[in-house]
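These are my notebook entries on one protein model. I looked up its fold pattern, its sheet, its backbone angles and its salt bridges.

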Amino acid sequence: MTALHTHTDRLALGAAALVRRSGRAFANCPRRELLHRLGASLFGLWMLGGLVLAERRILWVLLALGLTLCWRAGRAIERQRAAEAALVQYVRDRIGDRQGVLLADVLAGLHHSGMHLDWDVHALRGVVEGLGIPVRDSLKSGGAVSVGVHVEDLTDVWDVQPTPPPAPSESPSPGAVTSDNYPTTPDARPIVEGLAWSLHKTGGEVNET
């Protein structure tokens, strides 16, 4: 039953996303363009209805296609949300027991793990702010002052706690990088894979892909 609920929830999530995307296609466009789009949509539905009436089996094909599109859209959103939560957790773990972390330090950790090498601090700031996390222009951390995230600003938006340290049996092997700049726990590679955000805020929401 759990697997069935997972798939039904994914279908519902994807269907809602597709409806919102369809709505945005008609929103905030000039009246002439709106009429053209409505006319094209109605004509397409009329043609589709004629095909279904002529050959009922097409209805099953359309149903299967619609379910597939909804499922794929829902899975993409689930992956994006997981990546969002993973990045938030990564930032929280980089803060540790300090008051905050500089975006330059977060970016250095990502780059050290081979992630998003094309990002700079400005791009990372766009992603962080797109998640609703305020970025302070002047934050002191590790003796440096720059743009960064304060722990209270992060936890006010996201209910997130530091990741517990690994059990002794899971301790890093000898020779592993364990400095404060590049901690081995967490590693950015497994937790930030799949990031699919726009680097800029779009109406306060992160783009769904």
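**Entry 1. Overall pattern.** I read the protein chain along its sequence and recorded the pattern α-α-α-β-α-α-β-β-α-α. I took helices (H or I, at least four residues) and strands (E, at least two) as DSSP runs, numbered from the N terminus. On that basis I noted seven helices and three strands.

**Entry 2. Basis of the values.** I note that this is a predicted model, in which local features need pLDDT of at least 70 and side-chain atom pairs count only at pLDDT 80 or more, while totals for chains, interfaces and linings use all residues. Residues are numbered from 1 along each chain as its sequence is written, and side-chain values use heavy atoms, with hydrogens and water left out.

**Entry 3. Chain totals.** I found an accessible surface of about 13,300 Å² for the protein chain (Shrake-Rupley method, 1.4 Å probe; for residues, only the protein chains shown count as cover). Carbon and sulfur atoms hold 59% of that surface. Of the 209 residues, 28% are buried. I use buried for under 20% relative accessible area, exposed for over 50%, and partly exposed for the range in between (1.4 Å probe, protein chains only). I then looked at contacts, meaning heavy atoms within 4.5 Å. Among contacts with a separation of 6 or more, 65% are between residues 24 or more positions apart.

**Entry 4. The sheet.** In which order do the strands of the open sheet lie? I recorded β1-β3-β2, with antiparallel pairing. The edge strands are β1 and β2, each of which pairs on one side only. From one strand to the next, the twist averages 65°. For such angles, axes are lines fitted to C-alpha atoms, for helices over the stretch in contact, and the values run from 0 to 180 degrees between N-to-C directions. I counted two strands as paired if DSSP finds at least two bridges between them.

I then looked up the individual pairings. Strand β1 (residues 100-102) is antiparallel to strand β3 (residues 144-150), and three bridges join them. Val 101 has Val 149 of β3 as its bridge partner, and Leu 102 has Gly 148 of β3.

**Entry 5. A phi value to note.** Most residues other than glycine have a negative phi. Against this I recorded His 116, which is not a glycine and has a positive phi of about 50°. His 116 sits in the loop between α4 (103-112) and α5 (121-130). Is His 116 buried or exposed? It is buried, at a relative accessible area of 19%.

**Entry 6. Salt bridges.** How many salt bridges does the structure hold? I recorded four, where a salt bridge is a side-chain nitrogen of Lys or Arg within 4 Å of a carboxyl oxygen of Asp or Glu.

I looked up Arg 10 and Glu 78, which form a salt bridge with their closest N and O atoms 2.7 Å apart. Arg 10 belongs to helix α1 (residues 2-26) and Glu 78 to helix α3 (residues 57-95), so the pair ties together parts 68 residues apart in sequence. Arg 10 is buried at 13% relative accessibility, whereas Glu 78 is partly exposed at 26%.

Next I examined Arg 136 and Asp 153, whose closest N and O atoms are 2.7 Å apart in a salt bridge. Since Arg 136 lies in strand β2 and Asp 153 in helix α6 (residues 151-157), this pair ties together parts 17 residues apart in sequence. Arg 136 is partly exposed, with a relative accessible area of 33%, and Asp 153 is buried, with 14%.

Finally, I noted a salt bridge between the side chains of Arg 125 and Glu 129, at 3.0 Å from N to O. These two residues are four apart in helix α5, a separation of about one helical turn. Arg 125 is partly exposed at 21% relative accessibility, as is Glu 129 at 25%. Arg 125, Glu 129 and Asp 137 are linked in a network of salt bridges.
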